[in-house]
Amino acid sequence: ETHTKELLFIKVKNCSAQDKTDIFQMAQVFDMDVVDIGRKSVILQCVHTEKKVDRLIDVFAKQYPNNIVVVRSGSVSIESINVEDR
């Protein structure tokens, strides 16, 4: 068994004050961190499985069409610790 995760950054551009409130709520629901905020932009980050990262991108792309920038690391993995070594 392995542990596999992917790093995701999403920048939402051209945000209104209401958009920022909604984005902060979405970040809480989806276990994301707000890592930077500007007058009209917010950057979120998270570490999740590839499937969850895909779903998050879909959600943000539908909510903020043409206003997101996505950067993802690709999957990284490590083998689980042997049960006998625990």
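The legends below describe close-up views of a predicted model.

In this predicted model, local features need pLDDT of at least 70 and side-chain atom pairs count only at pLDDT 80 or more, while totals for chains, interfaces and linings use all residues. Residues are numbered from 1 along each chain as its sequence is written, and side-chain values use heavy atoms, with hydrogens and water left out.

**View 1. The largest nonpolar core.** A nonpolar core is a set of buried Ala, Val, Leu, Ile, Met, Phe, Trp, Tyr and Cys residues joined through side-chain atoms within 4.5 Å, where buried means under 20% relative accessible area and exposed over 50%, with partly exposed in between (1.4 Å probe, protein chains only). The core holds 16 residues, of which Leu8, Val12, Ile23, Met32, Leu44 and Phe60 touch the most other members. Two or more residues come from each of strand S1 (2-12), helix H1 (17-29), strand S3 (42-48) and helix H2 (50-63), and H2 gives the most, with four residues; helices (H or I, at least four residues) and strands (E, at least two) are DSSP runs, numbered from the N terminus.

**View 2. The surroundings of Leu44.** Apart from its neighbours within four places in sequence, Leu44 is in contact (heavy atoms within 4.5 Å) with residues including Leu8, Ile23, Met32 and Phe60.
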